[in-house]
Amino acid sequence: MNIDNNRDGVCMNNKIIELENVKKIYKVDNNDFIALNINNISFEKGKFYAIIGHSGSGKSTLLQIIGLIKDKTNGTYKLFGKNVDEMNNNEKANIRNKNIGFMFQDFYLDEDIKAIENVMLPYYISQKKDYKEKQKSIYQMFNEFNITGKELNYPKCLSTGEKARVSLMRALINNPDIILADEPTGNLDKDNEKMIFEKLKKYASEGKCVIVVSHSSEVSEYADVIIRIEKGIITYE
């Protein structure tokens with residue numbers, strides 16, 4: 001399944017993520033632990049969503065279900081108007097690679113390859129062939145993110161802020177419809193945090209659906225919608 005909202009007309013309204021009666025239940029000592037219990041929530045293109053909650057509240061679980069990393073226990077999840085339950089593993093993998101960009105607190109950069117190669121990884125996986133032409137645009141991205149000259153550095157030679165920028169560039173490389181960021185500024189100083197949030201706000205204003213899980217109160221300054229989650233249950237501000 002190759003989803004392109006602009007070309008094939010899938011999901012013509014702005015709602016690209018819809019969850020209804022979604023639960024995530026774990027077995028703990030033979031008892032059911034409800035990590036997530038959502039009645040109804042949707043996310044639209046062109047908005048910056050902040051999901052805020054204490055550790056263990058279920059916010060990362062929600063993000064992982066949205067990103068097709070974890071399966072829900074029950075309920076209905078529609079992505080780009082398609083029921084996720086009707087997708088096979090290859091279709092889900094294709095959507096994760098081409099339509100969703102991921103950024104995590106620990107960045108998960110490959111220490112054995114250079115910064116520019118880390119950015120290119122999702123592009124390689126998508127099996128596109130114009131690698132040299134794509135690299136030219138990536139050098140432009142390094143300039144846009146104010147880390148020109150770091151393209152050939154290995155992650156161990158990058159500062160934490162530079163790793164965060166490389167991680168975000170990697171999330172953007174396939175021009176995804178959705179950007180999911182799980183505590184993207186948790187390890188950053190104020191200046192780098194501001195830069196990351198400003199970039200994410202910019203991409204939301206350009207039509208992407210940006211969903212950020214964060215402990216930082218600063219994210220509220222950038223979010224169009226603030227969602228609080230506690231014990232797996234969500235409320236809005």
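## Stop one: an enclosed helix

Start with helix α1, residues 59–66: six of its eight residues are buried, so the rest of the structure largely encloses this helix. Keep in mind as you click around that you are looking at a predicted model. To see the buried positions in α1, select Lys59, Thr61, Leu62, Leu63, Ile65 and Ile66.

Now look at what flanks the helix. On one side, pick Gly58, which sits in the loop between β3 and α1. Buried or exposed, what is Gly58? With a relative accessible area of 9%, Gly58 falls under the 20% cut-off, so it counts as buried. Then draw a C-alpha to C-alpha distance from Gly58 to Lys24: the two are 34 residues apart in sequence and 9.2 Å apart in space.

Past the other end of the helix, go to Leu68, which follows α1 and lies in the loop between α1 and β4 (74–79). Check its backbone: Leu68 is not a glycine, yet its phi is positive, about 60°. For context, most residues other than glycine have a negative phi. Leu68 is also buried, at 8% relative accessible area.

## Stop two: the largest nonpolar core

Next, select Phe48, Phe142, Val166 and Leu200. These are the residues that touch the most other members of the largest nonpolar core, which has 38 residues. Colour the elements that each supply at least two residues of this core: β3 (48–52), α3 (115–125), α4 (131–144), α5 (160–172), β7 (178–182), α6 (190–205) and β8 (209–213). Which of them gives the most? That is α6, with six residues. In soluble globular proteins, nonpolar side chains tend to be buried together.

Zoom in on Phe48. Leaving out neighbours within four places in sequence, its contacts include Phe197, Leu200, Lys201 and Ala204. Also on the contact list of Phe48 are Val210, Val212, Val219, Tyr222, Ala223, Asp224 and Val225. Apart from this core lies another one, of 32 residues; to find it, select Ile16, Ile38, Phe80 and Val84, which are among its members.

While α6 is on screen, click Lys199, which lies in that helix. Lys199 counts as buried, at 13% relative accessibility. Beyond neighbours within four places in sequence, Lys199 is in contact with Glu144, Phe145 and Leu168.

## Stop three: two helices side by side

Finish with α3 and α5. They pack at an angle of about 30°, with their axes 7 Å apart. That angle makes α3 roughly parallel to α5. Turn the view to follow the crossing, which is right-handed.

To see who meets whom, show Ala115, Asn118, Val119 and Pro122 from α3, together with Val166, Met169 and Arg170 from α5. By class, this contact has five nonpolar residues, one polar and one charged. You have already selected Val166 at the previous stop: this α5 residue is also among those touching the most other members of the largest core.

Definitions and conventions: Residues numbered from 1 in each chain as written. Predicted model: local features only at pLDDT ≥ 70, side-chain atom pairs only at ≥ 80, totals over all residues. Heavy atoms only, no water. Core = buried A, V, L, I, M, F, W, Y, C linked by side-chain atoms within 4.5 Å. Buried < 20%, exposed > 50% of the residue type's maximum accessible area, 1.4 Å probe, protein only. Helix = DSSP H or I, 4+ residues; strand = E, 2+ residues; numbered from the N terminus. Contact = heavy atoms within 4.5 Å. Axes fitted to C-alpha atoms, helices over the stretch in contact; angles between N-to-C directions. Parallel < 35°, antiparallel > 145°, perpendicular 65-115°, else oblique. Left-handed = near helix turned anticlockwise from the far one by under 90°. Nonpolar A, V, L, I, M, F, W, Y, C, P; charged D, E, K, R; others polar.
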